[in-house]
Amino acid sequence: MHVLEIRGLTKKFGDFVAVDNMSLSVGQGEIFGFLGANGAGKSTTIHMICSLLLPTEGTISILGRDIRKQSRFAKQSLGIVPQDIAIYEDMTAYENVSFFAGLYGLRGALLKERTEEALAFVGLADKAKSFPKNFSGGMKRRLNIACAIAHKPKLIIMDEPTVGIDPQSRNYILSSVRQLNESGCTIIYTSHYMEEVEEICSRIAIVDHGKIIAEGTKEQLTASVTDAKDIVIELKYSNGGEGERLRSLPGVHQVRQEENVIHIRSAASVDNLSRILKQLMAEEAEIRSVEEREPNLETVFLTLTGRNLRD
């Protein structure tokens, strides 16, 4: 079953088309990466999924139900972790989670149980009576997540959940995302940290100018923009000619040598590193370091959306 299905989604603000006839499906159990540069239409799409904006055209379904026709069901099935922290700093951590869980209809003993579970899940059980105004940025982010998951939604949207926090909190949140997914939650994850998306997402869509311009696994996306990898070899000493004989090896496209560092562009599908090293050792070259740089998601993103700054 598709947990989320978008068909022909369009949003116009006057003459400006923010989202342009977008269609997208997210399957049950996925951690789905949703990427876009500033102004690409990503946030507008998320706002429509969350019913914060009405589409100009098109439909959005959660668990097979149109969110405009069955809005109550859609909202109860959805958890939202917004980029801007949405908590009340003059209420305790417990009161914050309890308040937001109560908006989804939880009451009495069940509300208490789910509130305590959510705080424990994000590592804030011992801070239940503390006020968020005294929390670090990472603790506030984790409380933000607790407020979104206490009602046990089937679909969770996490919009930049690790922005501006310390490495320990970031690692904790990424681990929490995996645990939520393993417990049965489907997650839509947005981030400008490409290494996070590479690490946790099973499938990724890149949106630009209101359209999805690429979609697939990390491997499928990288293969779509390049079939090359870079190998950088640093020699202890160099006579300046070690790189020349590497040009004839299978899969090698380009060789460039700068003093004692050799840069090799090679076909990603060819595992020729051992041949390259064997050739250098046959010439009695002393190798100081070897780095094999596979094409990554950042390469894909910049290739497809461009390198110019967006305002």
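A residue is called buried when its relative accessible area is under 20%, exposed when over 50%, and partly exposed in between (1.4 Å probe, protein chains only). The model is predicted, so that local features need pLDDT of at least 70 and side-chain atom pairs count only at pLDDT 80 or more, while totals for chains, interfaces and linings use all residues. Residues are numbered from 1 along each chain as its sequence is written, and side-chain values use heavy atoms, without hydrogens and water.

Phe-99 is partly exposed, with a relative accessible area of 34%. This residue, Phe-99, belongs to helix 3 (residues 93–103); helices are DSSP runs of H or I with at least four residues, strands are runs of E with at least two, and both are numbered from the N terminus. Together with Tyr-88 and Leu-103, Phe-99 makes a nonpolar surface patch of about 300 Å².

Helix 1 (residues 42–49) is largely enclosed by the rest of the structure, because six of its eight residues are buried. The buried residues of helix 1 are Lys-42, Thr-44, Thr-45, Ile-46, Met-48 and Ile-49. Ser-51, with a positive phi near 65°, follows helix 1.

Strands of a sheet pair through backbone hydrogen bonds, either parallel or antiparallel. An open sheet is formed here by four strands in the order 12-13-11-14, with antiparallel pairing; two strands pair if DSSP finds at least two bridges between them. Strand 12 (252–258) and strand 14 (287–293) are the edge strands, each pairing on one side only. Seven bridges join strand 11 (residues 228–235) to strand 13 (residues 261–267) in the antiparallel sense. Ile-233 stands opposite Ile-262 of strand 13.

Key
Patches are made of residues with over 30% relative accessible area and no salt bridge: like charges are joined within 9 Å, nonpolar side chains (Val, Leu, Ile, Met, Phe, Trp, Tyr) within 5 Å. Accessible areas come from the Shrake-Rupley method with a 1.4 Å probe; for residues, only the protein chains shown count as cover. A salt bridge is a side-chain nitrogen of Lys or Arg within 4 Å of a carboxyl oxygen of Asp or Glu.
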